[in-house]
Every structure is written in C-alpha cells, then in structure tokens.
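Trainee: Could you walk me through how the helices pack in this model, and then through one of its pockets?

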Amino acid sequence: MAYLEPAPIKDRENPLESMMERFNIAAEKLGLSDEVYNVLKNPAKQVIVSLPITMDNGKIQVFEGIRVIHSNILGPAKGGIRFAPDVHLDEVRALAAWMTWKCAVVDIPYGGGKGGVRCNPREMSKGEIERLMRAYTMAMIDVFGPDKDIPAPDMGTGPREMAWLMDEYSKAHGMTVPAVVTGKPLVLGGSLGRTEATGRGVMVSALAAMQKLKINPFQATCAVQGFGNVGSWAARLLEERGLKVVAISDHTGAFYNEKGINVVEAIAYRDANNGTLEGFAGGDKMENAGDLLTLKVDVLVPAAVEDVITIANADKIKAKLIVEGANGPTSAKADAILNEKGIMAVPDILANAGGVTVSYFEWVQNRLGYKWTADRVNRRSDRIMKDAFDHVYEASVKYDVPMRIAAYIVAIDKVAKTYTFRGGF
C-alpha cells in the first residue's frame, strides 16, 4: 500500500479545543510568557480559496481549498493535503499545530502546515481529481515552496496526486522542483522506506516504552486497531520482534486469535481482497469490533480513526501500554482516566512521527540530488525516533507528567526557545 500520513482527526470534541487543552497544560508547566504563548497558539497563515473545476459532464463545480501554516519558526511548514467532504478550517488549524509539535518532538527543521479540499474523491473520476489538484496547486503557488511550505499525501490523496502537484508547480517555475512535495512515487524522487515509515516509528516507540515498563517483547501480546498502511506495518514489525498480535481490525470488523494472528498472511489476504479483512479466516470475528480496544493485552495500537478512546470506554481498557498510530485516537477527556489507571500512552505526535521523519529524508535527498538506501533511511529514522522517545520520557520524569503532556512540553519548549533566539518577528 502507498504511504499516507495518518488521517486527520474530526474529533467529536472540537479538534482545535482538544489540541489547545493539552497545549495549555504544557505551556503552564513551562511557564511560557504571554508573548510566546500568543504566537504559538495562533496560526501564522490561513489561506482559503475557491477552485472552479470543469467536471466530466461539462458543468463547472466550485470546491473550497484550505491551507494553514501554523508555524515557520523552525523552518518551512510541513504537512499533508486531505481530500474529503468534511474538511473544515478548525480541523486543519488543529492538524497544522500538531505538525509543528510533531516536527519539534523528533527535532527536524520544519514548522507545521496542513491543507485540504472539501470534496469526495470516491465520487470523482481520475481526470476530475487531477484537475482539482492542479487547480489547488496553482491557487497555492505562492504558498508552496521547498523553503516555504512542503505538502504531502493525507487522507484521500497519495503519490499520484503529489506527482501532479510537483508537475504543476514545476511548470509554473520553468524547472523540475522535486523538493516542493514529499510522498512522491519513487521514480519522481520519492524515498525508499517511506511506505513503512509511520508503522516503523510506532514499532520503535512501542519497544522503547516496553523497555521502560519492563515488558518482555517475546512474552507480550498486542492488539492493533486499523489495518491500513500504519496498522499493518506496525503489526508486522512488532510481530517480527517477538510480540504476539492477537487481534487486528479494519472497518469490516475485528478478528481475534489467542494463539496469534499471522500478520504476513493477513496482509496478503487484505491485498487480495479489495483492501479489506472481510472474511479473514486467520482469527475469529468479534461480535463488537470496538471490544478490541478493551482486550487484555500488553500493548494496544489504535491506528485507525480518531476519538476511539473516550470517557465512555477508557475505564475498561486493560492494556499496559497504548501506542498511538492514528492522529487523535484518544480524546482529551479520556486522558485523566488512563493516567489514573497507570496506563502509559505514547502520544500520536511522538509515536506516528516516523512518517514525517522520512518525509524530511525525502526532502533532503531531493535537495542533494542523491538517493539513500532503504537500510540507511531505516537506520536513521529508528535513531531519531528512539532519541525522541528518550527526550519525552526524561521530560515526563522531570515534570512528573504523562507522556502526552511531556511530548507537548518538549515540542513547545523547542519552538519557544527558537522564537526567542530569533528575536521574535
């Protein structure tokens, strides 16, 4: 499967409020000044455009496009483009901020950005999607740039759309500019290792956390919610390192096998079955797919959709460790319950940052005009993810806060100090 950045959240709580609730706690712990607080809580730029597109039936339809740059203090903005019918400004603003914190946590020189077009790509032809992506690119021609704002795939977009974006931007500048976007096909300058990057980061984070909790991987069980790119790679890589994956799920249902699911067979079945686990015989289908979250396992990886761990089920979770592969799988109101139960949660802005890390590597390779081997990409990505985990864990101990707040503290502290050294704007 092609790499996609973890899907943006559409929290039943307002996503911007959810992000700000955690931001405010971290800012208070850091003693952030009012000046820096106000700079970091507000996006640097918000662009909303109308995109008239000629549809296949000859009629013109107008779509709304959004691009938000939350911060460019650390470097050019970085973040995906989502094509979906429910894109809205608050969601994109929250996700742009999350990208700022995510890049800061793993110490790569990017700020945060995010974009979206309100449309339903499932109901559009390839030609209509191409015209829409090219129109969006032209509308953002002064926003995008290898040193300004570097988009990537997200929900509803992939390498194909990124190739169109690169081509349109390149034509406008009279030269090939591969570094303007990441997540491209390999032949256009995409990076080896990017497909598995987010799932690999989840694996590295999980093993680092298990070491702190003294959980032996060869005696541990794991449940993975979501069997798309992130979940399937996380499951596969965790299985390779000794964990027994006893449950997996996608939108068609959840499957349980106490003896362990053969993840490689499950991936092969999914790929041969229109991308779904429907009918998978390697485990018993659970009556209620949501019960996967409350199984008695050592490690739980929510890698599907947003807001699945809430005040309604947080007290029933039995896992010792949660490693968030998706964006926003835990609502802000559920945090306190998990903390009270003593469950360590490696937050999304740390656990799924492997994707943006390898996006950074793609950008670096494009700027150098030189390709790295998959082994070099994986080795460097693993080191960055392990170092990031260690820094967040140290902050957790120092400030006596959960890992989620510690991740925000590490990120906000880095951006705030950089802002101070730069002397403001």
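**Helix packing and a pocket**

Mentor: Helices here are DSSP runs of H or I with at least four residues, strands are E runs of at least two, and both are numbered from the N terminus. This is a predicted model, in which local features need pLDDT of at least 70 and side-chain atom pairs count only at pLDDT 80 or more, while totals for chains, interfaces and linings use all residues. Residues are numbered from 1 along each chain as its sequence is written, and side-chain values use heavy atoms, with hydrogens and water left out.

Trainee: At what angle do the axes of α6 and α11 cross?

Mentor: The axes of α6 (residues 197-213) and α11 (residues 354-368) cross at roughly 125° and come within 7 Å, with axes fitted to C-alpha atoms over the stretch in contact and angles running from 0 to 180 degrees between N-to-C directions. The two helices are therefore oblique to each other (under 35 degrees is roughly parallel, over 145 roughly antiparallel, 65 to 115 roughly perpendicular, the rest oblique).

Trainee: Which residues meet there?

Mentor: Ala-197, Thr-198 and Gly-201 of α6 meet Gly-354, Gly-355 and Val-358 of α11, where contact means heavy atoms within 4.5 Å. That contact has 2 nonpolar, 4 polar and no charged residues (Ala, Val, Leu, Ile, Met, Phe, Trp, Tyr, Cys and Pro are nonpolar, Asp, Glu, Lys and Arg charged, and the others, including Gly, polar).

Trainee: And how do α6 and α12 pack?

Mentor: Their axes lie 9 Å apart at an angle of about 45°, so α6 and α12 are oblique to each other, and their crossing is right-handed. The contact residues include Arg-200 and Lys-212 of α6 and Asp-382 and Lys-386 of α12, and they divide into 6 nonpolar, 4 polar and 5 charged.

Trainee: What about α12 and α13?

Mentor: The axes of α12 (residues 374-399) and α13 come within 8 Å and cross at roughly 105°, so these two helices are roughly perpendicular. Among the residues in contact are Phe-389, Tyr-393 and Tyr-399 of α12 with Met-403 and Ile-409 of α13, and by class the contact has 10 nonpolar, 2 polar and no charged residues.

Trainee: Switching topic, which elements line the second largest pocket?

Mentor: α1 (15-30), α9 (335-340), β12 (344-346) and α13 (403-422) each supply at least two lining residues, and α9 gives the largest share with 4. By class, that lining has 11 nonpolar, 3 polar and 5 charged residues.

Note on methods: Left-handed = near helix turned anticlockwise from the far one by under 90°.
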